[in-house]
Amino acid sequence: MTTPQTLAGMSVEELVAFLPQGNGRLNDKMGVQLVEVAAERVVATMPVEGNTQPFGLLHGGASVVLAETLGSIGSAIHAYPAKIAVGVDINATHHRAATSGTVTGVATAIHLGRSSTSYDIVITDDQGRRVCTSRITCALLDAPTA
């Protein structure tokens, strides 16, 4: 694949093909599937099964993995090609348990700046009930020169 001028406007398939490790090994293990990708909004799903804690509930850390994936991808799209995005802060509030089905995360940009980005991420269950709310901030660093 040739080096694109921008990541904006890429389909999910094009973006995943461009990324050095595709969807990412952790995302593959956890079943994270990107649905929509843009700097302003990123959407993905993740199964509850296989991502639970010992009591059978969706693991809070799994929700944070989903949230960080969404915010990082949106940040990378915004930053490319001059900058790279690195997470510097993430938090999560867990509102309710999920025990089966699929959760959906929607990251909405709240700040797309020159040196940082921030996203609100809402994770819902199959019934549309809020499972988790997260916020991530990424620093935008100069991209390495070839």
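In what order do the 6 strands of the open sheet stand? They run 1-2-4-5-6-3, and the pairing is antiparallel; two strands count as paired if DSSP finds at least two bridges between them. Strand 1 (33–37) and strand 3 (83–94) are the edge strands with a single partner each, so one side of each has no neighbour in the sheet. From one strand to the next, the twist averages 20 degrees, where axes are lines fitted to C-alpha atoms and angles run from 0 to 180 degrees between N-to-C directions.

Before going further, a word on the model. It is a predicted one, in which local features need pLDDT of at least 70 and side-chain atom pairs count only at pLDDT 80 or more, while totals for chains, interfaces and linings use all residues. Residues are numbered from 1 along each chain as its sequence is written, and side-chain values use heavy atoms, leaving out hydrogens and water.

Let's step back to the whole chain. The protein chain has 3 helices and 6 strands, following the pattern α-α-β-β-α-β-β-β-β along the sequence. Both kinds of element are DSSP runs numbered from the N terminus (helices H or I, at least four residues; strands E, at least two). The C-alpha trace spans about 50 × 30 × 25 Å along its principal axes.

Back in the sheet, strand 4 (residues 102–112) and strand 5 (residues 116–124) run antiparallel and are joined by 8 bridges.

Now turn to helix 3 (residues 60–79), where you will find Ser63. Ser63 counts as buried, at 2% relative accessibility; buried means under 20% relative accessible area, exposed over 50%, and partly exposed in between, with a 1.4 Å probe and protein chains only. Apart from neighbours within four places in sequence, Ser63 is in contact with Met46, Leu58, His94, Ile123 and Cys132, contact meaning heavy atoms within 4.5 Å.

Finally, the structure holds 1 aromatic pair. The ring centres of Phe18 and Tyr80 are 5.5 Å apart and their planes stand at 80 degrees, so the pair is edge-to-face. (Rings of Phe, Tyr and Trp, the last by its six-membered ring, pair if their centres lie within 6.5 Å; planes under 30 degrees apart are stacked, over 60 edge-to-face, and the rest tilted.) Phe18 belongs to helix 1 (residues 12–18) and Tyr80 to the loop between helix 3 and strand 3, so the pair ties together parts 62 residues apart in sequence. Phe18 is partly exposed at 23% relative accessibility, whereas Tyr80 is buried at 18%.
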